[in-house]
Amino acid sequence: MVHVNYLAVLVAAVSVFVLGWLWYSPLLFFKPWMRLRGMDPAAAATGAKMPGWKLFIELTRCLVLAYVIARFVALLGISSWLGAVHFGLFVWIGFPAILLTGSILWVNVPWKVAAIHAGDWLVKMLVIPIIVSLWH
């Protein structure tokens, strides 16, 4: 039986939800991300309010992601921050980085847009396993 600490999953999910909000905020990558998508950052920022249902879905996505990663961390017996970092890097390379590379190659997503998303995913893939592996 695999033991998953649900409080650690919740903390990890909320953490990456907040970090994702910060990643795409004006403090970090909002302006380049909007410009690369062909939008005016100033126009998008004025009066821009994220619909509540999108925030709910994003938080749900973070919860599912944190739970799945927590299960893998438990199954693999990862209990150190260094092991969590190694795991997170391999998962990031094997999934988000590879998928985003495909979107550049086949869907013509600009590489800079994919790089911004890849950075967000790298943060998620490092933070979640670190939190759930160290929280016993």
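This is a predicted model: local features need pLDDT of at least 70, side-chain atom pairs count only at pLDDT 80 or more; totals for chains, interfaces and linings use all residues.
Figure 1. The chain holds 6 helices and 0 strands. Its C-alpha atoms fill a box of roughly 50 × 35 × 20 Å along the principal axes. Of the 136 residues, 34% are buried. Among contacts with a separation of 6 or more, 80% join residues 24 or more positions apart.

**Figure 2. The largest nonpolar core brings together 25 residues.** Helices H1 (6–23), H4 (52–76), H5 (81–107) and H6 (111–134) each give two or more residues to this core. Look for Ile69 and Ile128, the residues with the most contacts inside the core. Leaving aside residues up to four places away in sequence, Ile128 touches Ala12, Val16, Leu65, Ala66 and Ile69.

**Figure 3. A second, separate core has 6 residues.** Tyr24, Phe30, Met34 and Ile116 are among them.

**Figure 4. Here H4 packs against H6 at an angle of about 55 degrees.** The axes of the two helices lie 9 Å apart, and the angle makes H4 and H6 oblique to each other. H4 passes H6 in a right-handed crossing.

**Figure 5. A closer look at the contact shows which residues of H4 and H6 meet.** On the H4 side you will find Glu58, Arg61, Leu65, Ala66, Ile69, Ala70 and Val73. Their partners in H6 are Trp121, Lys124, Met125, Ile128, Pro129, Val132 and Ser133. Sorted by class, this contact has 10 nonpolar, 1 polar and 3 charged residues.

Notes
Residues are numbered from 1 along each chain as its sequence is written. Side-chain values use heavy atoms; hydrogens and water are left out. A nonpolar core is a set of buried Ala, Val, Leu, Ile, Met, Phe, Trp, Tyr and Cys residues joined through side-chain atoms within 4.5 Å. Buried means under 20% relative accessible area, exposed over 50%, partly exposed in between (1.4 Å probe, protein chains only). Helices (H or I, at least four residues) and strands (E, at least two) are DSSP runs, numbered from the N terminus. Contact means heavy atoms within 4.5 Å. Axes are lines fitted to C-alpha atoms, for helices over the stretch in contact, and angles run from 0 to 180 degrees between N-to-C directions. Angles under 35 degrees count as roughly parallel, over 145 as roughly antiparallel, 65 to 115 as roughly perpendicular and the rest as oblique. A crossing is left-handed if the near helix is turned anticlockwise from the far one by less than a right angle, and right-handed if clockwise. Ala, Val, Leu, Ile, Met, Phe, Trp, Tyr, Cys and Pro count as nonpolar, Asp, Glu, Lys and Arg as charged, and the others, Gly among them, as polar.
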